[in-house]
Amino acid sequence: MPKNKTHSGAKKRFRVTGSGKIMREQANKRHLLEGKSSRRTRRLSADQVLDKANAKQTRALLGR
C-alpha cells in the first residue's frame, strides 16, 4: 500500500517538539506593525502550545 502524504498546509504552520507537543505561531504579527507596541510584537513572536481540542486533528494531518 502507498504511504499517506503529510498535509502541506499543516507542515508549514505547526511543528512537533521532542516531547510531542504541537507548537503554533500567534496571529497579528504580519502587517500594520507600526501601530502595535514593541511589547506587544515581542510577545506575539513567541510560539504557543496548541490546545488539546485541536491537537489530535493536527497530529493526524502531520502524519503522527
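The structure is a predicted model, in which local features need pLDDT of at least 70, side-chain atom pairs count only at pLDDT 80 or more, and totals for chains, interfaces and linings use all residues. Residues are numbered from 1 along each chain as its sequence is written, and side-chain values use heavy atoms, with hydrogens and water left out.

With a salt bridge taken as a side-chain nitrogen of Lys or Arg within 4 Å of a carboxyl oxygen of Asp or Glu, the count is 1. The partners are D47 and R15, at 3.1 Å from N to O. D47 sits in the loop between helix 2 (38-45) and strand 3 (48-49) and R15 in strand 1 (residues 14-16), so the bridge ties together parts 32 residues apart in sequence. Helices (H or I, at least four residues) and strands (E, at least two) are DSSP runs, numbered from the N terminus.

Leaving aside neighbours within four places in sequence, F14 is in contact with I22, M23, R24, L50, T58 and L62, where contact means heavy atoms within 4.5 Å. The C-alpha atoms of F14 and L50 are 8.7 Å apart, although 36 residues separate the two along the chain.
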